[in-house]
Amino acid sequence: MHPNLSFDQAPPISVPYRFFLAAPWFGVLAGLLLAWTGGDALASRWTPEALALAHLIAVGFMLQAMSGAMFQFIPVAVGGNVWRPSVVANFVQPLLLLGALSLVAGFLFSAPVLFSAAVAAFLLGVGVFVTVVLLALWRTPATGMTLWTMRIAVAGLAIAVLLGSLLAEGLARGLSLPLIELANVHLAWGLGGWGLMLVAAVSYFVVPMFQLTHPYPLRFARGFGPLLLLLVTIWSALWLGDDLRRAQAMGFPLALLCAAFAAMTLWLQHTRRRKIDDATSLYFRVAMIALLAFAASGAAMAIRPELSDDPRASVWLGMLALPGVFVSTISGMMYKITPFLNWLHLQRLGAPISAVPNMKMMIPGTAMTVQFRLHVLALVLLLAAVWLPALARVAGLFFAVSCFWLGWNLILAMNSYRRFRDQIRASVSRC
Ligand code: HEM
């Protein structure tokens, strides 16, 4: 599982960048929304504001960043040939933006027309994205667990979006659907079958490469994805089969599996050869601690279902999963991927390799570290705000500022690319 990179088919740098640059602003919106609405938003997972917040992160921040990363990762890391990446990105990204904003507005204003608009945008946008990406993942001659886990993740995205669309149409048209059961199945595919599956697929590759750890043990990497798929499928069958007691109990093995992934990643970090704590490895550590806390809380609720009688218990889980696990992992990855992208594209401009600036020159190290600390503070406040609603507004503000800063750092990375590109072009044309 040693990284084997192929740069020939890498898409134009604007393709991944446009998704990365959009993602943090959904976090800013989520923070501002919480600051505006205050603690009542977190009273239960079903408040319109909680649903809007969950989706600002899930189909705003996460979906933008993760789809942008796939456009880059598939050709470079698994040798897949994504069909016309610029054309597809030009078509897909506006639809994903439109879908996310209409869905969030649909929750906030209970407007059927906005739900229907979101469904149309997501079915078309995600439909095209999934088709193009699955074809690339299927046709590549590469093998290995990163590839297989990624295929499962893309299928997980398709299922989550189909179920989300059914739920949204159900709300828009007042259909009599088993909303709670369907929502539980939908979120398992969204957070587990898509989110965690993709994090695992990418981690098998980038954690050893960027954080200089040993590779994930082969048996672990072979087992994790298929087992997660199996558990999410059984969870879905039990919820849809109305077997409430067993469905709740299924939370336990799912929690164990999440804990195993977190513990393995922390162990690899702990035993790595060179212990450099840059923003990426710190972000990963926070994400894995949040995943352990999510697993412990989920396991406790599976063993003692009365613990989830408090409506804030599910909000606690959502807070650990969305800003805790996913925003942290994605922010850490973007801090490595964007300097790497800059370096990759600069060294293709024809200058001698010694003229290409070091990756460390793309985003100032202190800017990343300070932003990371702000994120951790915001996360602690968000978690506390679940139980102490008076903290919600300040937590929202901190989260908005931290995401704003992330967005700003990514703009700095893009500007560094432009500046160095112009310098290199000028020096190449002088020669
Ligand atoms: C693919 C990524 C997605 C993820 C990770 C995700 C996550 C979630 C989560 C966590 C919940 C439960 C909210 C809570 O417990 O507070 C939920 C519910 C819901 N989601 Fe999503 N979602 C995704 C995509 C979508 C899409 C694309 C749509 C619509 C087109 C959608 C529509 C809904 C609806 C309507 C509900 C339930 C609302 C209710 O029953 O009152 N979701 N989603």
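1. A residue is called buried if 20 or more other C-beta atoms lie within 10 Å of its own, exposed if 12 or fewer, and partly exposed in between. With that in hand, take Pro253: it has 16 other C-beta atoms within 10 Å, so Pro253 is partly exposed. Pro253 sits in helix 9, which covers residues 251–270. Do keep in mind as you read that this is a predicted model.

2. Now the overall fold. The protein chain has 13 helices and zero strands, and its pattern along the sequence reads α-α-α-α-α-α-α-α-α-α-α-α-α. Of the contacts with a separation of 6 or more, 79% are between residues 24 or more positions apart.

3. On overall dimensions, the C-alpha trace spans about 70 × 45 × 40 Å along its principal axes. The radius of gyration of the protein chain is 21 Å, which agrees with the value near 22 Å for a compact globule, because that is what the rule gives for 431 residues. Buried residues account for 50% of the 431 residues.

4. As general background, nonpolar side chains in soluble globular proteins tend to be buried together.

5. Once neighbours within four places in sequence are left aside, Cys258 is in contact with Leu196, Leu291, Phe294 and Ala295.

6. Which residues are closest to the ligand? They are Arg45, Ala58, Gly164, Leu167 and Gly190, out of 30 residues that surround the ligand. Two or more residues of this shell come from each of helix 2 (48–78), helix 4 (112–139), helix 5 (145–173), helix 6 (179–211) and helix 11 (312–346). By residue class, the shell around the ligand divides into 21 nonpolar, eight polar and one charged.

7. Most residues other than glycine have a negative phi. Leu212 is not a glycine, yet its phi is positive, at about 55°. Leu212 belongs to the loop between helix 6 and helix 7 (218–240). With 15 other C-beta atoms within 10 Å, Leu212 is partly exposed.

8. Asp242 is in the loop between helix 7 and helix 8 (244–249). Is Asp242 buried or exposed? It has 9 C-beta neighbours inside 10 Å, and so Asp242 counts as exposed.

9. Finally, a stop at Val394, which lies in helix 13 (residues 392–430). Val394 is partly exposed because 15 other C-beta atoms lie within 10 Å. Val394 and Pro112 are 282 residues apart in sequence, and the C-alpha to C-alpha distance between Val394 and Pro112 is 32 Å.

Note on methods: Residues are numbered from 1 along each chain as its sequence is written. This is a predicted model: local features need pLDDT of at least 70, side-chain atom pairs count only at pLDDT 80 or more; totals for chains, interfaces and linings use all residues. A residue is near a molecule or strand if its C-beta atom, placed from the backbone, lies within 6 Å of it. Helices (H or I, at least four residues) and strands (E, at least two) are DSSP runs, numbered from the N terminus. Ala, Val, Leu, Ile, Met, Phe, Trp, Tyr, Cys and Pro count as nonpolar, Asp, Glu, Lys and Arg as charged, and the others, Gly among them, as polar. Two residues are in contact if their C-beta atoms, placed from the backbone, lie within 7 Å. The radius of gyration is taken over C-alpha atoms; the globule rule is 2.2 Å times the number of residues to the power 0.38.
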